[in-house]
Amino acid sequence: MGTEQYDADAVIIGGGFYGAAIAIYLAKQRGLRRIVLFEREAALLQHASYNNQARVHNGYHYPRSFTTAYRSRINLPRFVRDWPQAVKQDFTKLYAIARRNSKVTARQFERFCRDIGASIATADKAQRELFESRLIENVFIVQEYAFDTTRLAEWALAELSDLGVELRCEVQVANIFRGAGSSLRVEAESRRGEGITCTSRYVFNCTYSGLNQFGGDFPGTSTRLKQEITEMPLMQVPPALRDIGVTVMDGPFFSMMPFPARCLHTLSHVRYTPHLNWSDVRGIDPYQRLEQYARASRVDRMVRDVGRYLPAVLDARHIDSLFEVKTVLVKNEGDDGRPILFERHAELPGCYSVLGGKIDNIYDVLEKLDAEVFEPRGSFMLRSSNG
């Protein structure tokens, strides 16, 4: 087979929400005209962008990481403004504080919410009665939303098309090399076995769990990463829980959130959602490990434990489970913080690695990019195809 060769201003590797949003930003805000986006799956937003809790955070989840909480408070209204079609607001969100084994008390949680300017009110009697009072100190109504990944994917596809971004799905990038002058060379292969080479001034590595899996001159991230295979059960909840989301704080507890893309609820448990973990190193492909994983569900254990605190969940029905690789920064394991990773690789000028722990972190990434200088090279060109 032949090899396609491109010249581009920028190459984006990874068609999740971050990769798509960065491609759109570079075209719309920074004037880059020749942008290629490579995605290994058959469509956009198929991995971590979809297989998650679908929560638009508003800071409540991070009482031990003020910076993450504060950034969520800033970013949530912007996310609602920019993607209203994808945001589900028509449910009640409850945060409950456990009496034992919680790292915050109800009083500390209220004070924390006041400190970050987050709305909080004591739940009414009917809402409190959903919980086992012997195990729950207090229950609060808060302001937190969910998002529909399918709507975000529709937005991304339409924007990329309107802006003339070259979207290449079912393409696996293998190597990133230094090119001639200030250029970089990206080598990839399509699922059909066709070789693809793209010469570009800028490369954005937005592959989430695959950040360190490239050969060539790519140095890897200096920030240490940890990989986890996680399970997110999708539940059909009983009527008492249909229009609510629940989080029990703060320790080895759980969350239950609406999952708009399937009209179900996710159930996540701090103890049972992570199935296994390992330190991220080159040569251990996280997605290959996920593909080979047996995927034996732990939903029964989750439901048994959750049912002690929220008895109505015992009447929920398990419909499906979303298995995914979750990537976290090792330095934030202790405080549950979810800052972005934004690395400019000095060994490969023009090459960036980007990772966000939450969907609303996209604004933190775009603020970083606002400070960078990008120089367009000219009009898009497919150089040659030979074989």
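Helices and strands here are DSSP runs, numbered from the N terminus. Keep that in mind for the labels I use. One more thing before we start: this is a predicted model.

Let's begin with a loop. Tyr 208 is found between strand E12, residues 195–205, and strand E13, residues 215–216. Its phi is near 55 degrees, a positive value in a residue other than glycine. Is Tyr 208 buried or exposed? Buried means under 20% relative accessible area. Tyr 208 has 17% relative accessibility, so it counts as buried.

Now take Cys 263. Phi is positive here too, about 55 degrees, and again the residue is not a glycine. Cys 263 is in the loop between E16 and E17. Its relative accessible area is 73%, so Cys 263 is exposed.

One peptide bond needs a look as well. The bond from Met 249 to Asp 250 is cis, with omega near -15 degrees. Asp 250 is found in the loop between strand E15, residues 244–249, and E16. For background, most residues other than glycine have a negative phi, and most peptide bonds are trans.

Next, the whole chain. There are eight helices and 22 strands. A compact globule of 387 residues would have a radius of gyration near 21 Å, and the chain agrees, with 22 Å. Along the principal axes, the C-alpha atoms fill a box of roughly 70 × 40 × 35 Å. Of the 387 residues, 58% count as buried. Take the contacts with a separation of 6 or more: residues 24 or more positions apart account for 77% of them.

On to the interior. Nonpolar side chains tend to be buried together in soluble globular proteins. In this chain, the largest nonpolar core has 53 residues. Phe 17, Leu 26, Phe 79 and Phe 204 have the most contacts inside it. Which helix gives the most to this core? Helix H1, residues 17–28, with ten residues. Leaving aside neighbours within four places in sequence, Leu 26 is in contact with several residues, including Ala 10, Ile 12, Phe 204 and Phe 374. Apart from that core lies another, of 29 residues, among them Ala 96, Phe 131, Leu 135 and Val 248.

Last, helix H7, residues 299–309. Its buried residues include Val 299, Met 302, Val 303 and Tyr 309. Asp 305 is buried too. What covers the buried residues of H7? The cover includes strands E7, E14, E16, E17 and E19.

Finally, the surface. The accessible surface comes to about 16500 Å², and 45% of that belongs to carbon and sulfur atoms. The chain has 50 positive and 47 negative charges, with mean positions 5 Å apart.

Note on methods:
Residues numbered from 1 in each chain as written. Predicted model: local features only at pLDDT ≥ 70, side-chain atom pairs only at ≥ 80, totals over all residues. Heavy atoms only, no water. Helix = DSSP H or I, 4+ residues; strand = E, 2+ residues; numbered from the N terminus. Rg over C-alpha atoms; globule rule 2.2 N^0.38 Å. Buried < 20%, exposed > 50% of the residue type's maximum accessible area, 1.4 Å probe, protein only. Contact = heavy atoms within 4.5 Å. Areas by Shrake-Rupley, 256 points an atom, 1.4 Å probe, with all protein chains shown as cover. Lys, Arg positive; Asp, Glu negative; His and termini not counted. Charge placed at Lys NZ, Arg CZ, Asp CG, Glu CD. Core = buried A, V, L, I, M, F, W, Y, C linked by side-chain atoms within 4.5 Å.
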